[in-house]
Amino acid sequence: MPYAPDFVSLHLRVFCAVIHAWWHARQMKRAVIYILLLLPFAVFMSCGRDGRVRDVLRTADSLLETRPDSALQLLRSDSAVFAAAGRAVRMGSVLTRTEAEDKLYVTHRSDSAILPAVEYFSRRGPEVQSVRAWYLLGRVYYDMMLYGRALSAFDNALAVKTDSDSVVCRYKARAATWAGAVYEEKSLHSDALRYNKTAYGYARYADVPSIEVYVLRNIGRSYSYLKANDRALSYYIEAANQAELFQDNYLYSMLMDELAAVYIEENRLSDACASLSVPFCGVSDTDISAHCFIWADYYRCLGEFDSALLYDIRGMMYGDKDVNRDVALDLARMFERENRKNEALHYYALYAQYNDSLRKDEIIENGEFFAFVKKSLDFERRSKRLVEEKVFLLVFVLFLIIIVLLVVLFGMRFYNRRKIRYELQQERVNNYWKMQHTRDLSSIRRNEERIKVLEKELVSAGENLEETKRKLIRAEMDMLDRQNEKIISEQRYKDRLVAELENSDVYKKFHCQGACFSNDDFRQLKDALNTAYGRFVFRLEELYPAMRYEEMYVCCLVKIRLASKEICSVLDCKANRVSMLKTRLYQKMFKKKGSVADFDEFIRDF
């Protein structure tokens, strides 16, 4: 049976637990007091240490563009100090060291150092460091031949929203430039040109003027790859002029070499020779190999194959595998044409070695690159659509501004013209009512009343009326009789025309439910109404010249006594649409409000 403590032992154990808890709380309170006392001192010491490290880091950053070797040496000499600094400083030093190595052509082999910095600055900023981190991550992946990841990093750098800062523009221009280089590697020259032009947009506002020169050179390269050498030459020449203006002999020399290559393609050998006569200032293996291959192409175009051969062989001593592969194949074919089989076999074997080595690299590169392309294709399309919408919105806003300015500038002129049109319309309406009034005065009823008056005058006068006056009265009565007969005959003729209209095929078709109507049907209806109602359509146009086609159709349909619902069926629209159109047209014609019934009555009597 388990042990059950009695009442006294239970109270004793509770008392011991309370004492134990009080002692720990007291010790904790002391610890908290000590921490609060030591905290300001620790913060002061850490701030002082980080302050000195930040000064070193700022000095290294200031040396990056002009003396990257000094910046890297400074970072390496104080590496222990950076290791003990705060996280922000440590991550900043990683970016500075990576950028310095990149500028010194140190090939990046791992992303383990740069990834934490990218994660840190992409979350906490600032924007300059975020753009810089993504750009450097792309450079690391580019050296590792992970082109898909490199493109993703460059695109993230371009996606940072801030564009007004010159330093941000510097890194965005470089990110777009290297993204274009990735597409050039894969012979996607149109995409490369798109990124190079994006880079130019940022390079114009960057704080390093030479970036614009490099971007112009890259745009020229893209056009050259796309066989648009006329445009490529203009960009190369502009870049060379700017490099000469900046007194950058190295960059100017490299640009003149590439310009010579384009001249050689265009068979402008004299211009190519002038470009190659500029003193060569290249220092890297890539510069030397490119210079040698351009001279080889130049001598090959001149027919001096021995000189071309020497330059090709010398260039292969410094060239990359992909360039050497193509040169080896060209040399093998040249030796084969000259029946020098041993040399041809040697270069064919060398070509095979380069090809096998590059094929392995390309399998890795292409697999990773196309995986990225597959994932990012939809994103790029959406981005392109957003850019197009942004451009459209900008154009639309500019268009609205222009419209507002035009309205302000020509508002009075428009008002005056509208006033003139209003007065002309009022004059036409007055003439119409005057004609209506005149027609009423000359109607049969008035003529008959006049005849009765004349007859009473003859009867009341009797023999006292002069013969001349009697003849005048009778002549007037005969004239009024003839006018009445003419009006009656004209009315009978009009009635026959109306009857013919109502018996016509076009009239019956418009009164047939469910029929389909074409423009030719409306044209026939207008011709029939002009015949039956004395130039009905032309008179309407004279009364209101600004009448639209839809309004004219409604008038014609009202004239043949179609109801609003039937008109809606013919025009395939809603009933309120026809009613609104009638009331608005009446107001436009007579400059006063009227109902649908007023409009129908006017048209049927017109």
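Colleague: Which residues of α21 and α22 meet in this predicted model?

Modeller: In this predicted model, Lys526, Leu529 and Asn530 of α21 are in contact with Phe536, Val537 and Phe538 of α22. By class, this contact comprises four nonpolar residues, one polar and one charged.

Colleague: Why are α21 and α22 called roughly perpendicular?

Modeller: The axes of helix α21 (residues 519-532) and helix α22 (residues 536-543) cross at roughly 90 degrees and come within 6 Å. Angles of 65 to 115 degrees count as roughly perpendicular, and therefore this description applies to α21 and α22.

Colleague: What makes Cys169 count as buried?

Modeller: Its relative accessibility is 1%. Buried means under 20%, so Cys169 counts as buried.

Colleague: Is Cys555 buried or exposed, and how do you know?

Modeller: Cys555 has a relative accessible area of 0%. The limit for buried is under 20%, and Cys555 is therefore buried.

Colleague: How do you know that Cys555 is in no disulfide?

Modeller: A search of the whole structure finds zero disulfides. For Cys555, the nearest cysteine sulfur is that of Cys556, 6.8 Å away. A disulfide requires two cysteine sulfur atoms within 2.5 Å, so Cys555 is in no disulfide.

Colleague: Which residues touch the most other members of the largest nonpolar core?

Modeller: They are Ile114, Leu255 and Tyr298, in a core of 76 residues. Helix α8 (residues 166-185) supplies the largest share of this core, ten residues. A second, separate core has 39 residues, including Val429, Tyr507, Ile560 and Met589.

Colleague: What does Tyr298 touch, leaving aside residues up to four places away in sequence?

Modeller: Tyr298 touches Ile264, Leu269, Ala272, Cys273 and Leu276.

Terms used. Residues numbered from 1 in each chain as written. Predicted model: local features only at pLDDT ≥ 70, side-chain atom pairs only at ≥ 80, totals over all residues. Heavy atoms only, no water. Buried < 20%, exposed > 50% of the residue type's maximum accessible area, 1.4 Å probe, protein only. Core = buried A, V, L, I, M, F, W, Y, C linked by side-chain atoms within 4.5 Å. Helix = DSSP H or I, 4+ residues; strand = E, 2+ residues; numbered from the N terminus. Contact = heavy atoms within 4.5 Å. Axes fitted to C-alpha atoms, helices over the stretch in contact; angles between N-to-C directions. Parallel < 35°, antiparallel > 145°, perpendicular 65-115°, else oblique. Nonpolar A, V, L, I, M, F, W, Y, C, P; charged D, E, K, R; others polar.
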